[in-house]
Each structure stands twice: as C-alpha cells, then as structure tokens.
Amino acid sequence: MAVFDEVADTTTITLDETDERVHRLLSVLEERGITAWWESRYDCFTDDELEAARLILMAAHSILDGIFAGPRVGTRYDMSEACKLCGAGARQTSAMVVDGESLHLLEAKRTIHTCYNDILVDEKLAGALAESGATGISFRGVFAAFEKRGHFQLPWRQLCATHTLPRMSPRSTGIQPYKSCSCGRSSFLTPSKFPTRLVYRAADVADSRDVNVTWEWFGEVKFNGDVYDSVLPYPMFLVTPKIWRIFQGAGVTGFDWIPIQVVDE
C-alpha cells in the first residue's frame, strides 16, 4: 500500500516483511541513488489479540508531533527523589501547562500527547475513563500559558498513572539506550528499524492496574540540574484492554497499541 502526503511531500509504502517486493523496492532505491528514505518495522495486531493482552503499550506515533508542554512552559516538578544526572523519577506537582501558541494542535481531537509523552484527553473522554471504574488512574488540570496574558484553564485533563511497574524483563527487544546513566533507568529509545516488543515477568504484572507507567524512562535528555531549563526523559503508559476499548470507542488515533509478552521466570 502506498500513500502520498501532499503536505510533507512524502510517500509511505507499507509491505509485509515477507513480501518479495521489499527487496525489489530497496534495490530500486539503491540503483537510483535515492538516500532520503526511512525504514520502519512494526508488528500488527488484531482486535482479538489486543483484547487478550495482559497489558498494552500505548505509544504515540511520534513524540515530536506532540504539543509543547512540561517544565520549560511552567509545569512544576519535585526532584527530591529524581536522578540527579538525568532527571528520571521527576514527580509532577502542578497542573499540566502547555504552550498557548500551540493550541491549534488540539482542534478536532479527543486526545493528544505532549512532547514529554504526557497524555491529555478532552473532558468528555476524561469523564468516560473516570466512570469506567478504571484502577491506577488520576487526572490533573491543563492550562495554556501565554507570554503576556498568563495562564488559562482548558477543557482538557491530563491522564496520570498512580502505579509504576517493576523493571521489564531483559528479554524485551526493540529498545536501545540513548545515553547511559548510572541510575540505569533512563534514556531508552525504541528505534523504528526494530519492532518494539516489551516482555514482563508474570510476577511483576500480577499487581498491575488498568493504567500504569514503566519504571524505565525514554527519550532525549538534557539535564544540568535546572529542571525548568531541561529536556527530561519520560515513562511509557501500559494500559489494559479496558482502557484501549474506551479510546477506540472515542475514535482516538495517533497511538500504536502493542501487547506486552508475559513470561514465567
């Protein structure tokens, strides 16, 4: 399948990795000297597979497409238990503050992620999640910050998790360290050339909730001790099929849903 994006002036071609046309396509690109292309590999799952999953990774298609928010916009954090070198473990203490100049990104959407993988939902979706009786879930207010007009509350809520899972199993694949930190907790990446496959020990997910975050923190890090002038890593959300169904019912797009694997160790 080929899809042309007029805005980005790019064409996305999707093929099964066993399709013989993959090799032919790469050969044509090489023969014509075309180097400006990007290869991504990912797993596809049926609704039945997602329904049967113990937990599902809720991963944004692209963090870079998220709305600008977080510490550099005015969101407050407690760093007393965070890593002093990378900031992993920072605890948010205020409402989420987003850049007022980016509000157009919220138009016609039910949910959006921030550049730090925070998940924001509109009030109706927040209500559906709250009424579902989901465990491990809480909400914070969302404000827009304008340079000369201050902060204004928005009809959105930040979805928060009250439970952090233990470390994932070393059997997990498609995860690479970006910059190593002595805490061992941060700066992991999920390179697009390899499918992301998270594995957990059965004992470590026995006490999981409907909404959880990973012990590991992902993404770029630029931290010099001043949290409000930093780029912090972030945890990933792992949710149950119950939460997936609610988001699907709301017509939410922009996320990949990847079941974890559970092993006995």
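Is D122 buried or exposed in this model? D122 is buried, with a relative accessible area of 14%, where buried means under 20%, exposed over 50% and partly exposed in between, using a 1.4 Å probe and protein chains only. This is a predicted model, in which local features need pLDDT of at least 70 and side-chain atom pairs count only at pLDDT 80 or more, while totals for chains, interfaces and linings use all residues. Residues are numbered from 1 along each chain as its sequence is written, and side-chain values use heavy atoms, with hydrogens and water left out.

**Salt bridges**

- A search of the whole structure turns up 8 salt bridges, each defined as a side-chain nitrogen of Lys or Arg within 4 Å of a carboxyl oxygen of Asp or Glu.
- One of them joins the side chains of R110 and D122, at 2.5 Å from N to O. R110 sits in the loop between β6 (96–99) and β7 (111–113) and D122 in strand β8 (residues 119–122), so this pair ties together parts 12 residues apart in sequence. Helices (H or I, at least four residues) and strands (E, at least two) are DSSP runs, numbered from the N terminus.
- R110 is partly exposed, at 25% relative accessible area.
- D43 and R197 also meet through their side chains in a salt bridge, at 2.8 Å from N to O. D43 belongs to the loop between α1 and α2 and R197 to the loop between β12 and β13, so the pair ties together parts that are 154 residues apart in sequence.
- Both partners are partly exposed: D43 has 27% relative accessibility, and R197 has a relative accessible area of 34%.
- E51 pairs with R245 in another salt bridge, with the closest N and O atoms 2.6 Å apart. This pair links distant parts of the chain, with E51 in helix α2 and R245 in helix α5, 194 residues apart.
- E51 is partly exposed at 35% relative accessible area, and R245 is partly exposed at 40%.

**Around T196**

- T196 lies in the loop between β12 (188–189) and β13 (199–201), and counts as buried at 14% relative accessibility.
- Beyond its neighbours within four places in sequence, T196 is in contact (heavy atoms within 4.5 Å) with D43, L57, T173, G174, T190 and I258.

**The largest pocket**

- The largest pocket holds about 1,400 Å³ of space. Its lining has 43 residues, of which A60, H61, S62, T190 and D256 are the closest to its centre.
- On a 1 Å grid over the protein atoms alone, a pocket is an open set of points where a 1.4 Å probe fits, with protein on both sides within 12 Å along at least five of seven lines, and lining residues have an atom within 4 Å of a point. Grid points are joined across faces, edges and corners, and the volume is the space filled by probe spheres set on the points.
- At least two lining residues come from each of β3 (56–60), β12, β15 (234–239) and β16 (255–259). β16 gives the most, with 4 residues.

**Helix α5**

- Within helix α5 (residues 241–249), P241, I243, W244, I246 and F247 are buried.

**W37**

- W37 lies in the loop between α1 (21–31) and α2 (47–51), and is partly exposed, with a relative accessible area of 37%.
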